[in-house]
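Here is a short briefing on one protein model.

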Amino acid sequence: MRKQLPLSAMMKQHLKEHSSIYLFVFVLFLMGVIFGAIIVNSMNLSQKEDLYYYLNRFFGQVAEGKVASSADMFQQSFFHNLKYLGLMWILGISIIGLPVILVMLFIKGMVVGFTVGFLVNQLGLKGFLLSFVTVLPQNILLIPAFILMSAVAISFTLKIIRQLFVKKTNNMEAPFSLFMRYASVFLFIGVLAIVASGFEAYASPFLMKNVVEFVSK
């Protein structure tokens, strides 16, 4: 019987065995961020003015406290993130969904890059400060969650493919055990999504309100 390793040792072993996958998904996400920032610079003046108009309206609502309740924001944020991460998890099981996982991670990076890029492009240093309090708090946890989910889904898919098409050996993990570990990772990522949604619903609006008042001066 294989000796059960401590959790920290299992994590180190996992990172060592899949370091190339983690590097790949991190670079892909970073490319998405860069592409999102490039899109901002490629927008014409009319597009930027239209978007900035709606942004100003939103700032006005925030300053006046006319935003959704924290409970509603938490619910919306959590279910949005859980659906996105859950779809990645399901695509990992489907095997053929591997390219879609990569596209979804790239799009996530692109959204972050575009949001930060547009705020900085329009408001300069104040835009950077605003993005720091609106984008950073929840994404400190969400970005690692998306990278982890992508890497684990890719790893799971590759292992399933190997078991289906490569001659079985004694070193191969049982499919049920493999699936249970895959499911446990999703539960852990779900916890990260809950905490991130809490930041977005309860911390970000408070920080945003104070920064919007400063930006509007």
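Leu-55 is buried, because its relative accessible area is 17% and the cut-off for buried is under 20%. The model is predicted. Leu-55 lies in helix H3, which covers residues 45-63.

**Leu-55 and its partners**
- Beyond its neighbours within four places in sequence, Leu-55 is in contact with Phe-118 and Leu-119.
- Leu-55 and Leu-119 are 64 residues apart in sequence. Their C-alpha atoms are 9.3 Å apart in space.
- Both partners, Phe-118 and Leu-119, are among the buried residues of H5.

**Helix H5**
- Helix H5 takes in residues 98-123, 26 residues in all.
- At 1.5 Å a residue, H5 should span 38 Å, and its end C-alpha atoms are 38 Å apart, so the two values agree.
- The buried residues of H5 include Ile-101, Met-104, Leu-105, Lys-108 and Val-112. Three glycines are also on that list: Gly-109, Gly-113 and Gly-117.
- An α-helix has 3.6 residues a turn, so residues three or four places apart point the same way.
- Leu-123 is another buried residue of H5. Just after the helix, Gly-124 takes a positive phi of about 65°.

**Asn-81 in helix H4**
- Asn-81 sits in helix H4, residues 70-94.
- Is Asn-81 buried or exposed? Asn-81 is buried, because its relative accessible area is 4%, and buried means under 20%.
- Not counting residues up to four places away in sequence, Asn-81 touches Leu-142, Ala-193, Ser-197 and Glu-200.

**A nonpolar patch**
- Leu-23, Phe-26, Val-27, Leu-30, Met-31, Ile-34 and Ile-38 make a nonpolar surface patch of about 650 Å².
- One of these residues, Ile-34, belongs to helix H2, residues 19-42.
- Ile-34 is partly exposed, because its relative accessible area of 48% falls between the 20% and 50% cut-offs.

**The whole protein**
- The protein has eight helices and zero strands. From the N terminus on, the order is α-α-α-α-α-α-α-α.
- Of the 217 residues, 37% are buried.
- Among contacts with a separation of 6 or more, 80% are between residues 24 or more positions apart.
- The accessible surface is about 13200 Å². Carbon and sulfur atoms hold 71% of that surface.

Note on methods
Residues numbered from 1 in each chain as written. Predicted model: local features only at pLDDT ≥ 70, side-chain atom pairs only at ≥ 80, totals over all residues. Heavy atoms only, no water. Helix = DSSP H or I, 4+ residues; strand = E, 2+ residues; numbered from the N terminus. Buried < 20%, exposed > 50% of the residue type's maximum accessible area, 1.4 Å probe, protein only. Contact = heavy atoms within 4.5 Å. Areas by Shrake-Rupley, 256 points an atom, 1.4 Å probe, with all protein chains shown as cover. Expected span 1.5 Å × (residues − 1). Patch = residues over 30% accessible without salt bridge, like charges linked within 9 Å, V, L, I, M, F, W, Y side chains within 5 Å. Salt bridge = Lys/Arg side-chain N within 4 Å of Asp/Glu carboxyl O.
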